[in-house]
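Visitor: I have not seen this one before. Can you walk me through it?

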Amino acid sequence: MVISMDYMRLGNTGLKVSRVCLGMMSYGDPSRQQWALPQEEAEPIVRRAADAGVTFFDTADVYSQGASEVVTGNLLRAIFPRRDDYVLATKVFSPMGSGQNDRGLSRKHIHAAIDDSLRRLGTDYVDLYQIHRWDPETPIEETMEALHDVVKAGKARYIGASSMWAWQFAKAQHTAEINGWTRFVSMQNHYNLLYREEEREMLPLCADQGVGVIPWSPLARGVLARAGSSATTARTGSDPRITFLYDPENDKAVLDRVAQVARDRDLPAAQVALAWLLHQPAITAPIVGATKNQHVDDAVAALSVSLSPDELAFLAEPYRPRAVRF
């Protein structure tokens, strides 16, 4: 590919990230996650992303129960000459064992989890350490102080959050601010043409507070990429989250619009859907999963797709409000 990558600051920080983030959930252990690619199959895809200028990579401890972090660390060390050449993000919250303290956002679990993640990743620090969800069982003061301690220990450079209610995010930020603790610099939320409930409160909050937005599932777990096509993938039948998050009947009008613009522009549907997302002012870098080289190519090519105001409105118009889905 000869298309050049764009780079942006992550929120109000000085940290520069590529405009496309490669999601590493697609790589790990197929025995734990059926559609995950093992390391030898993932390597050429990650190399292709790096060759295209992608420097931002996101994983989580729970992906393939740690195997994704192992693959991520192995590949990034092999591909990049220096640790400072890429931005590495991981997450904490989900169960990583059968013990009562092997989950959540307690001080005990956060400190154990960051050490486990660093060991699997084979690095001394992560650039962005994110809470994967809100923990209703732990006081937010305990969580924010523990995350602050992780940063001050040099194990993470920045902290971020993922899907939650806007009031929860505001409460966390306020708690950190009044105590002089590290604040979240990013929000990784669910946002795409088929799910736009974040436009009500979370995106305006992030824009107002200078928080970077790095949405997950920008292609609706591949549903948007297949607009106008009857093709299926290994993930289609093995990922129950697809049917939880999306409804083919309700989504049909939007998918038809994506397919029409793709035909009119002679572009893949994935590029059209990603281009729409990249045109939204609050977005820093969508987190794109890739199990084929073409997925990387489409994500990078979408940076150069300029949609007109009429096309943006045409794609957005059929959307109807739906239940919040984290």
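This is a predicted model: local features need pLDDT of at least 70, side-chain atom pairs count only at pLDDT 80 or more; totals for chains, interfaces and linings use all residues.

Visitor: Where is R83 found?

Guide: R83 lies in the loop between α2 (67-79) and β5 (87-92); helices (H or I, at least four residues) and strands (E, at least two) are DSSP runs, numbered from the N terminus.

Visitor: Is R83 buried or exposed?

Guide: R83 is buried, at 18% relative accessible area. Buried means under 20%, exposed over 50%, and partly exposed in between (1.4 Å probe, protein chains only).

Visitor: What does the R83 side chain reach at 3.0 Å?

Guide: That is the backbone oxygen of Y125.

Visitor: OK, the core. Which residues touch the most other members?

Guide: Y27, Y129 and F169, in the largest nonpolar core, which has 96 residues. Such a core is a set of buried Ala, Val, Leu, Ile, Met, Phe, Trp, Tyr and Cys residues joined through side-chain atoms within 4.5 Å.

Visitor: Which helix gives the most to this core?

Guide: Helix α9 (residues 269-278), with nine residues. A second, separate core has 12 residues, including V17 and F56.

Visitor: And W165, where is its place?

Guide: W165 is in the loop between β7 (156-162) and α5 (166-179). W165 is partly exposed, with a relative accessible area of 43%.

How values were computed. Residues are numbered from 1 along each chain as its sequence is written. Side-chain values use heavy atoms; hydrogens and water are left out. A polar contact is a pair of N or O atoms within 3.5 Å; within protein, one must be able to donate a hydrogen and the other to accept it, and residues adjacent in sequence count only if both atoms are side-chain atoms.
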